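Work through the exercises below with the sequence and the model at hand. Each task is followed by a solution in steps.

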Protein chains: 2
Amino acid sequence: MVDRPPEQERPEENPPQEQVGVGIDTSAEGSLVLPEELISSIHEALAAGDVQQAEVLVHALHPADAADILEILSADERTLLVEILGATIDPEVLSHLEPTIREEVLEQLGAENLARVLMHLDSDDAVEIFEDLEEDAQQHILSALPLAYRHILQEGLSYPEDSAGRLMAREFVAIPQSWTIGQTIDYLRAAEDLPDIFYDLYVVNPKHKPVGIIPLSRAIGARRPEKLGDLMDQELRTIPLTMDQEDVAYIFRQYGLASAPVVDAAGRLVGTITVDDVVLVIEEEAEEDIMKLAGVAETDLYDAAIDTAKARFTWLLLNLGTAVLASLVIGLFSGTIEKVVALAVLMPIVASMGGNAGTQTLTVAVRAIAMRDLGPWNALRFVGKEVIVGAANGVIFALVMGLVAWLWFDSAMIGLIIGVAMVLNLVVAALFGTLIPLGLERLKIDPAVASSVFLTTVTDVVGFLAFLGLAALMLT
Amino acid sequence: MVDRPPEQERPEENPPQEQVGVGIDTSAEGSLVLPEELISSIHEALAAGDVQQAEVLVHALHPADAADILEILSADERTLLVEILGATIDPEVLSHLEPTIREEVLEQLGAENLARVLMHLDSDDAVEIFEDLEEDAQQHILSALPLAYRHILQEGLSYPEDSAGRLMAREFVAIPQSWTIGQTIDYLRAAEDLPDIFYDLYVVNPKHKPVGIIPLSRAIGARRPEKLGDLMDQELRTIPLTMDQEDVAYIFRQYGLASAPVVDAAGRLVGTITVDDVVLVIEEEAEEDIMKLAGVAETDLYDAAIDTAKARFTWLLLNLGTAVLASLVIGLFSGTIEKVVALAVLMPIVASMGGNAGTQTLTVAVRAIAMRDLGPWNALRFVGKEVIVGAANGVIFALVMGLVAWLWFDSAMIGLIIGVAMVLNLVVAALFGTLIPLGLERLKIDPAVASSVFLTTVTDVVGFLAFLGLAALMLT
């Protein structure tokens with residue numbers, strides 16, 4: 001800390017006078033979302049058919065904001081706007097669109113416009129857009145592209161989905177180990193085909209294998225005669241082409257990287273992944289976990305109602321199966337319920353508490369597994385702790401609910417039964433809330449997808465079975 | 001795209017020969033988590049009291065990995081290891097620890113070691129550690145620190161929690177607008193107190209207000225006589241000190257930034273936020289949403305069993321309230337249930353399906369609100385779509401379950417009743433699954449925290465009420 005306070009960069013100065021900020025003002029409350037007036041203006045321009053006004057408004061926006069506008073508009077308005085923008089649409093806007101909306105826009109743009117758009121994007125963004133296209137749309141566009149671009153798209157697609165190969169850009173700066181800073185800076189000044197933005201220089205040996213990395217902030221402060229070999233960090237994290245993007249994100253996060261070199265099977269430098277891509281991956285992975293736990297698709301918000309309904313149907317059907325199974329358990333005890341109707345009143349409580357407590361455990365487990373905080377090394381300790389927590393809360397809620405049930409139905413026995421069932425179900429919930437995701441992970445099934453259906457099945461069945469079973473034994 | 005294929009940086013070369021990779025090998029399957037042998041070796045060294053071996057093993061690790069080791073060890077092993085490392089512990093290790101574990105370690109280290117640790121960290125990391133300490137521990141450490149450091153910690157703490165002021169580092173590079181690239185590079189070469197890593201040069205006017213930003217990759221490729229004022233991007237996103245970190249993350253994500261200048265109320269440059277800090281914020285925010293939806297604390301995994309049990313208790317108590325409310329509804333119809341015990345068997349199905357369908361809607365809404373994809377501008381369309389989806393699936397599941405119930409209990413009437421109740425509850429689930437989070441957001445309450453309790457209350461009550469109410473009307 002502050003062994004380097006930037007004093008000389010902060011000249012003493014007069015007290016600040018009134019002066020408006022430069023650039024985009026992000027200081028006002030609520031200015032972070034697109035201003036409603038802007039959205040209204042665009043709605044109005046489109047409704048009035050004021051082509052020029054709509055174009056001016058959208059072109060003034062950052063591509064990411066323009067993409068948000070396209071997402072916000074109704075399908076008809078969007079079609080109109082894309083028609084207006086046509087060939088002048090900023091290629092960057094497309095890479096910021098949600099996949100569902102993008103598909104719609106791409107279809108409207110047509111192969112020729114699309115080929116132009118792809119040629120103006122970085123290779124990673126171009127591949128990302130290209131991979132979502134239909135087979136024959138892909139062929140159409142490929143034939144409209146110069147050979148070099150065609151090759152890059154095809155190569156990009158040859159890597160597995162969600163791999164480093166798809167994520168990487170093919171534009172990077174690699175410098176021979178023997179060069180000096182002076183040579184390097186002269187080269188960079190003369191080069192006309194540098195990437196727009198890069199954060200590190202990759203140092204390579206004669207076989208084009210990365211041997212070190214130099215952050216630009218170190219390079220720019222170094223003296224001309226210094227050798228790259230002396231300045232570079234040798235501890236560099238190379239990313240194999242086939243590495244899963246989730247693992248890439250882990251490495252960036254764990255080691256705080258700005259960029260990392262991607263290497264082929266022979267260890268040669270073939271691309272670079274930068275932190276801005278990783279930010280999107282991290283968000284996507286977190287999104288996936290949340291969505292899968294509830295059984296919805298990631299694109300849900302932007303899908304048409306019919307697609308959303310279809311996508312959610314499977315999950316609900318699974319849950320219906322679970323619910324029917326629980327009903328079958330209840331059905332076993334209809335005789336008992338007929339005699340003591342209080343049981344029907346109380347029984348959902350035991351199942352519901354088990355479900356909620358289990359979901360707490362499950363969520364912690366799923367997230368910890370995804371973040372690599374939970375694995376074989378601490379699984380046993382985690383299960384042990386969760387069972388203790390389940391038992392502790394089980395006993396407390398058993399006392400609370402036992403008392404309530406006793407007073408409500410004037411029967412100590414019913415109070416006792418619901419209490420015992422409660423402890424039992426909360427311990428079972430803890431046990432399965434940990435074992436289900438750990439087991440799925442070991443079977444290489446994503447714990448976020450399937451865990452919660454299994455869990456509710458267990459807590460429902462055990463909840464009803466324990467409560468009604470005990471009642472059948474002790475009340476009749 | 002590839003209007004700049006880096007051909008000249010890729011010399012043609014011989015086919016690759018056998019050669020081991022340089023640096024840390026991340027290519028082997030599963031090498032991303034700490035190798036189990038390493039963990040075992042540390043366990044063994046600690047058990048055998050082999051102080052030197054343990055120290056060697058841990059010091060060889062990246063601070064982020066060393067922090068992971070400390071988190072994995074049992075409490076006793078951790079105490080022993082911290083004792084061994086003592087004053088030689090890498091300050092960076094502390095900033096990578098989970099808060100719960102860090103608190104434990106800090107306590108053991110004592111004020112004097114801590115003061116030393118804080119002085120070696122960047123100001124943002126130091127403030128982050130310092131803010132979690134108890135009041136008197138803070139006083140202790142402040143008195144052990146030189147005045148300049150003390151001032152920085154106190155200033156950091158004066159900003160609201162989770163604000164840009166807490167997140168920013170005070171070390172940045174600001175250059176007057178009138179300088180040339182040559183002057184700037186000479187200055188950077190001479191300066192001895194530059195930040196370790198920076199990605200952009202901030203260009204300031206004489207009042208020390210940021211007027212532009214130059215990515216280092218542009219600066220290093222520019223010629224010496226070029227003026228900063230001509231090279232800089234004027235469209236810069238300045239972050240006010242008081243901005244919430246969630247908004248900061250949004251700006252970085254939306255505009256793909258590597259760093260952004262932080263300004264005080266007068267618009268003067270006071271600090272910088274870099275993307276590596278934002279990556280952690282993004283992850284933290286996603287984590288928060290997942291955890292809050294299930295009613296667990298973010299630190300849950302590392303909390304002691306007793307703290308976890310306490311933290312989860314409130315949520316379960318709320319859910320017990322909900323469950324009891326639902327039971328009261330059932331209680332209203334005990335007469336009907338006594339006559340037709342099939343109702344007790346079937347009733348959890350309606351409530352459960354409503355809960356699941358509602359949770360799907362709710363999850364999409366909560367996440368979309370957090371990502372600023374859902375707001376007043378499209379709320380109405382979203383609610384409309386969800387109701388359509390709920391109705392569509394409601395009708396399908398009504399047919400399925402109606403048929404099942406009819407066959408099971410040989411009563412068309414019971415089939416009809418459960419069908420109608422199902423449609424009703426799924427539409428209500430869709431309606432409240434959207435309106436609850438949107439309403440909470442408007443009231444400035446975090447939708448992730450409270451939404452799901454409200455929702456289950458509604459789907460349980462409506463589910464039982466619709467099903468049993470219809471049955472009471474039509475069966476008796």
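**Exercise 1.** Find out whether K292(B) is buried, partly exposed or exposed, and which side chain it meets in a salt bridge.

Solution. Step 1: buried means under 20% relative accessible area, exposed over 50%, and partly exposed in between (1.4 Å probe, protein chains only). Step 2: K292(B) has 22% relative accessibility, so it counts as partly exposed. Step 3: a salt bridge needs a side-chain nitrogen of Lys or Arg within 4 Å of a carboxyl oxygen of Asp or Glu. K292(B) meets D446(B) in this way, at 2.5 Å from N to O. Step 4: K292(B) sits in helix α15 of chain B, while D446(B) sits in the loop between α20 (412-442) and α21 (447-475), 154 residues apart. Helices are DSSP runs (H or I, at least four residues), strands are E runs (at least two), and both are numbered from the N terminus. Step 5: D446(B), at 29%, is partly exposed.

The model is predicted: local features need pLDDT of at least 70 and side-chain atom pairs count only at pLDDT 80 or more, while totals for chains, interfaces and linings use all residues. Residues are numbered from 1 along each chain as its sequence is written, chains are lettered from A and ligands numbered from 1 in the order in which they are written, and side-chain values use heavy atoms, without hydrogens and water.

**Exercise 2.** Determine where the partners of the salt bridge between D289(B) and R367(B) lie, and whether they are buried or exposed.

Solution. Step 1: the N to O distance of this pair is 3.0 Å. Step 2: D289(B) belongs to helix α15 (residues 275-294) and R367(B) to helix α18 (residues 342-370), 78 residues apart. Step 3: D289(B) is buried, with a relative accessible area of 8%, and R367(B) is also buried, with 4%.

**Exercise 3.** State how many salt bridges the whole structure holds, and name a network.

Solution. Step 1: the search over all chains finds 34 salt bridges. Step 2: R102(A), E128(A) and D132(A) are linked in a network of them.
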